[in-house]
Amino acid sequence: MVFSDLFFLFVFIPAFVIVYLLAAAIDRTFAAGADRQVNVAKNAVLVIFSLIFYAWGEPVYVFLMLASVAVNFAVGLMIDNSGDRRRRKAALVAGLICNLLILSVFKYLGFFAQVLNDVGISVAKPGIALPIGISFYTFQSISYLIDVYRRESPVQRRYVDLLLYISMFPQLIAGPIVRYGTVAQEIGGRRVTAGDVSDGVFRFLIGLGKKVIIANQFSEISDQFLAGGLDSLSTAGAWVGILAFTMQIYFDFSGYSDMAIGIGRCLGFHFNENFNHPYCCSSITDFWRRWHMSLGSFFRDYVYIPLGGNRRHQSVNIMIVWFLTGMWHGASWNFIIWGVYFGIIVMFEKYTLLRVQHVIPRPLLHIYSLILVVVGWGIFYFDDFDRMLVFFNAFVGYAGTLDDFIAVNALTDKFWLWVVAIVFCMPVRRWISGFTTRCLGGGGALESFVTLTARVALSAGIVVLSVALLVGATNNAFLYTRF
């Protein structure tokens, strides 16, 4: 089940809202006269619907997630209850090993078996399916244990509440990676205002529009040039295909993040932002400060800094982080190459470009960054090394024809799609908000009325167009659910 599915929009969400509101009424009854907010019934409903959401696509692996949460719950209590530093550290290490072992078995065992077979060591390749979202909920489990060990967050003493944190359906299968400390207080006590619901619904619909109206359309273009045979791929076709994928993956993943943040806001949870207009970057370092920020902050705080950060072995630390970043995305050589590729560029920039970028015209920095990003998406897209070589031969004009009538048509026939995508890669909402404030005086009743009217009109347009596009849609899966 995905957020942009008609069943989710018109069956799952209405059913959840009805039951959740009934649970909220129960909580208010028991909270009467109490000094604190009671969320017991609401949390139980959220857990049940989250498990249904996950089991819809993974009816067996929901038990794996339940077992994983049980292990982390027990380890968290062991860390917190132990006054001896060595025992606390031993419990943390045991918990980290368990989490990484689960992730390795289900995500990387087949890859390692294939590597051994490639070097001449014959081993059976296990046929283990990849559980949806295992990378996301495993990393959240790791952040929980480490934050409890560092005493940065309180230990969770109710299994169901830790299960809520791990399994919460808005961010379960494709992030953002929500750190435990971000929502620890909101699990037990949270309040939702009308403004929260309004902002949350609008944010969800913006994400829905990104996914259905933009990303899905670009997926058809990228598949047209990159998914099939590449022997006749022209240089123009290679560029159009990978540029379409560049747009697709951004609007797909940022759209999902918007929807997750929006649903969370409606429930009283405040997830951190995951994207900040990454294609407006002026360097690759800047790009990765803007793209999938929850993953970047995870590796920074839990890997890079503990290894020594900028203090010692900086270059080694950078390459370790980027190797792991590549591995996290998938058990395939192309992801490892992709991670190392960006690691080398980031390290190069740290010692050269970032020291002189103030004297380089920003448009040149922007062009440089986007070219390297597009090349990176070319590596990311192809998990077959031979197909990747064929693509890049066409991409640089080494093989095949340069121009292509079909590629030109993909640009002209979808001209307005390209224009809209390019515009919305930029901070348009911020510009419009600033312009409206300047024109209408800022903070007055007129500005509020104009803003509300624009929101309602835009929301209605997104809903109507998205539903029309989803009826009969054949390509609607989120890319990041496979990670």
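Predicted model: local features only at pLDDT ≥ 70, side-chain atom pairs only at ≥ 80, totals over all residues.
## Helix α3

Helix α3 runs over residues 62–81, 20 residues in total. From its first C-alpha to its last, α3 reaches 29 Å, close to the 28 Å expected at 1.5 Å a residue.

The buried residues of α3 are Val62, Leu64, Met65, Ser68, Val69, Asn72, Phe73, Val75, Gly76, Leu77 and Ile79. Among the elements that cover them are α2 (40–55) and α4 (85–107), and also α6 (134–149) and α7 (159–167).

## Helix α17

Helix α17 spans residues 385–395, and its buried residues are Met388, Phe391, Phe392, Ala394 and Phe395. These residues lie on the same side of α17, because they cover an arc of only 155° around the axis. An α-helix has 3.6 residues a turn, so residues three or four places apart point the same way.

The cover over the buried residues of α17 includes α9, α10, α14 (333–351) and α16 (362–381).

## The largest pocket

The largest pocket has a volume of about 1200 Å³. Its lining is made up of 40 residues, of which Phe202, Ile206, Phe424, Arg429 and Leu458 are the closest to the centre. By class, 21 residues of the lining are nonpolar, ten are polar and nine are charged.

Several helices each supply at least two residues of this lining: α9 (194–226), α10 (235–267), α19 (415–424), α20 (428–440) and α21 (445–470). Two of these, α9 and α10, are also among the elements that cover the buried residues of α17.

Definitions and conventions
Residues numbered from 1 in each chain as written. Heavy atoms only, no water. Helix = DSSP H or I, 4+ residues; strand = E, 2+ residues; numbered from the N terminus. Expected span 1.5 Å × (residues − 1). Buried < 20%, exposed > 50% of the residue type's maximum accessible area, 1.4 Å probe, protein only. Contact = heavy atoms within 4.5 Å. 1 Å grid on protein atoms, 1.4 Å probe; cavity = no way out; pocket = protein on both sides within 12 Å on 5 of 7 lines; lining within 4 Å. Points joined across faces, edges and corners; volume = space filled by probe spheres on them. Nonpolar A, V, L, I, M, F, W, Y, C, P; charged D, E, K, R; others polar. Arc of directions from axis to C-beta.
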